[in-house]
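Work through these exercises with the model open. Try each task before you read its solution.

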Amino acid sequence: MYYVAVSLRWLKDNLFSNAVNTLTTLSLTAFLLWSLPPLIDWMIINASFVGSSNNDCNNEGACWVFIREFFPRLMFGSYPESERWRIYSTGIIAILFIFTARQYHRTAFSVILFGLFSIIAVTLLYGGFLGLSRVDTHQWGGLFLTIVIATVGIVGAFPLGILLALGRQSHLPVIRAFCHVFIELWRGVPLITVLFMASVMLPLFLPDNIDINKLLRALLCIMLFASAYLAEVIRGGLQSLPSGQQEAASALGLTYWQQMRYIILPQALQRVIPGIVNTFIGLFKDTTLVLIIGLFDFLGIVQSAATNPEWLGRANEGYAFAALIFWIFCFSMSRYSLHLERKQDQ
Amino acid sequence: MERWRPSLCSTVPVSSMKFNTRKTRAWIYQALFIACIIAIGSLLIHTLLQNLEQQGIVTGFNFLSQNAGFGIVFSLIDYSESDSYGRVFWVGLTNTLLVAGLGILFATIIGFVVGVARLSNNFLAKQLASFYISLFRNVPLLLHLFFWYFAILQPLPGPRQSIDFFDMVFLNNRGLYIPKLISEDQSNGWLWLMAGLIVITLVLIRVLRSTHKKYVWFASIIGAIMIWIGVAPTYTAEIPTLTRFNFSGGIVIIPELTALVLALSLYTASYIAEIVRAGISSVDKGQVEAAQSLGLRPNHTLRLIIIPQAMRLIVPPLTNQYLNLTKNSSLAAAIAYPDLVSIFAGTTLNQTGQAVEILFITMLVYLSISLSISFSMSLYERSKQWSKT
């Protein structure tokens, strides 16, 4: 009896405390009753899970067979099946290296490790030597390509972002103005025009004999784009440091670069990790735009699979799956950044 | 005759240190920097000109007056295939501004509602709002756009099986058809009368608000009736009617526009909701308690105490979201809504090959929109003297 009273009390407090509240509750319940059952019917009850073609699915519900059939393509694009172990091993090496770098808190060590990793990653993924067959970048695709573009974009943007942030704080007026204009220029234009620039304008600026492929051009422009956003995030960290830090460092007789390297940047970067993670989330979502210039990232593969004549009308399943994957990635990263923020506040 | 100097200073004689001061070094660094930038810039421009010459592309903005020769499905200003590329630019720009304006309007409304719901006492509203925010924020905008366009609007039935609302508004796979108001007499006399009446009513409401609060509603209703009487007879609604193949009459909102506005506003609303929530919850609890103890009613507390203080924190990031929305409207290219990027940086660029000029103009447009919004923002902040706090 006590529990009934408690739950009634809870209901009254949280759902029916006054007229407006009651009305809201009732209308929202009606909305849920109207929208949820058909959704669940489509997703689970009427859905088809087994089979191998569109004919095995009924038209009442979702055809998850579609996702299963296209799963390898959604993950890796047209990366040859026999070579996919290279992607797996790159992933495993990346995790190993991250753990090793976390063990030893030495910036120089991490940088060397990172340089080593980039060489290994390019060798493994692109190949062409050491007995590994070459996998051209136009075969790269799917979630793999999305992750490659987002990580390379943010990591490559990092050094330039730091320099731009420092430049905006510089006491040299020319450098300060240049950095300010550079940052505002990149932040003021949409990513899509930047990608257009990468695909049609960049080749015009390069001599004939240099031919950079489309992925590399897109990566280059994404790096420049991301560096402007990163610079603003890092600048926030620089501004949050008390000015006494730099004054003390000057008083010790450190040069400008020593001050930055040993005193200012370690503290500033530590503070802006949540902001950097948020920038990464934004970039991860924006990576989908590369499909407009003809690179087949995760969403690009979903879109092309949905127009496959054998699977017509299965776009919804593709979008639902893409939404789920993106949601898992972005939600977990945003939770991580929130966790870091809370840890810093303590 | 050397003066004694503390050993901390270097032992280099004073005379040779003249040029090695902080100031001269600063000048040298900056001069070197400028020289580098100029060198890189001229190298790039040199290669560019060489490449353009090789490909036989004539530089310059003369192409803007050439005949475009392609049709555009949706345009706010008059446009036909025989118009110039310059006209295409204006069509694209107005279409971009239309999408951005509509997106901002709906995103603000939805964002504020969801943001307030997130803080509501109602358990269901709170949970639904946080579900909405988490779902919409963590999915790329392009996916939203594809969903609305390819999964919702395109599979709609054709004109014959349109979904109709009260036989006035029709929705099918060709677009949303809504009634259009058309004036019977061509002179705009009635329009001016209407504008005048609205102004008088607004003034009346403003005057009454400070003295006779009770009569505000009364005045607004009277004003509305006066406007109705004055204007209604001259306007008739042109209701879309089904002809053999499609609807005719009324205003057509193409599915691309609907999808774009839906995707942009729902996506941005999830960010605005978080901004609103953060703004409102930043207002000190004591403020609300003080207002209550003064005897203010809940809606007055919200309107007079909470919102003015919350706005201070809400407005700057809110403008940032408006900017993002405007920039994101360029995703229109993905579903072929004729915005600036789609028809100017897309179709026009492909036809003329003037990549540098076109991308320069396009980027300049977005840049000036961004800069003017952030400039007006800083003026607004200064007028409220918020930046000081």
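Angles under 35 degrees count as roughly parallel, over 145 as roughly antiparallel, 65 to 115 as roughly perpendicular, and the rest as oblique. Axes are lines fitted to C-alpha atoms, for helices over the stretch in contact, and angles run from 0 to 180 degrees between N-to-C directions.

This is a predicted model: local features need pLDDT of at least 70, side-chain atom pairs count only at pLDDT 80 or more, and totals for chains, interfaces and linings use all residues. Residues are numbered from 1 along each chain as its sequence is written, while chains are lettered from A and ligands numbered from 1 in the order in which they are written.

**Exercise 1. Classify the packing of α11(A) and α13(A).**

Step 1. Take the geometry: the angle is about 170° and the axes are 8 Å apart.
Step 2. Apply the cut-offs. α11(A) and α13(A) are therefore roughly antiparallel.
Step 3. List the contact, where two residues touch if their C-beta atoms, placed from the backbone, lie within 7 Å. α11(A) contributes residues including I273(A), V277(A), I281(A) and F284(A). Among those from α13(A) are F326(A), C330(A), M333(A) and L340(A).
Step 4. Sort by class. Ala, Val, Leu, Ile, Met, Phe, Trp, Tyr, Cys and Pro count as nonpolar, Asp, Glu, Lys and Arg as charged, and the others, Gly among them, as polar. The contact divides into 12 nonpolar, 4 polar and 3 charged residues.

**Exercise 2. Check the length of α13(A), then find what its buried residues pack against.**

Step 1. Helices (H or I, at least four residues) and strands (E, at least two) are DSSP runs, numbered from the N terminus. The expected span of a helix is 1.5 Å times one less than its number of residues.
Step 2. α13(A) covers residues 315-345, so its 31 residues should span 45 Å; the end C-alpha atoms are 44 Å apart, which agrees.
Step 3. A residue is buried if 20 or more other C-beta atoms lie within 10 Å of its own, exposed if 12 or fewer, and partly exposed in between. Buried residues of α13(A) include Y319(A), F321(A), F326(A) and C330(A).
Step 4. Their partners are α3, α11 and α12 of chain A, together with α4 of chain B.

**Exercise 3. How many of the 27 residues of α2(A) are buried?**

Step 1. Check the helix. α2(A) runs over residues 19-45 and should span 39 Å; its end C-alpha atoms are 37 Å apart, which agrees.
Step 2. Count. The number of buried residues is 1, and α2(A) is hardly covered.

**Exercise 4. Describe the side of chain B that touches chain A.**

Step 1. Count both sides: 45 residues of chain B contact 40 residues of chain A.
Step 2. Find the elements. Those giving two or more residues include α1, α9 and α11 of chain B. α1(B) gives the most, with 10 residues.
Step 3. Sort this side by class: 33 nonpolar, 11 polar and 1 charged.

**Exercise 5. Trace the open sheet of chain B.**

Step 1. Write the order: β1-β2-β3-β8, with antiparallel pairing. Strands pair if DSSP finds at least two bridges between them.
Step 2. Inspect one pair. β1(B) and β2(B) share 3 bridges, and I163(B) stands opposite L171(B).

**Exercise 6. Where is A336(B), and is it buried or partly exposed?**

Step 1. A336(B) sits in the loop between α9 and α10 of chain B.
Step 2. Its phi is near 60°, a positive value in a residue other than glycine.
Step 3. A336(B) counts as partly exposed because it has 15 C-beta neighbours inside 10 Å.
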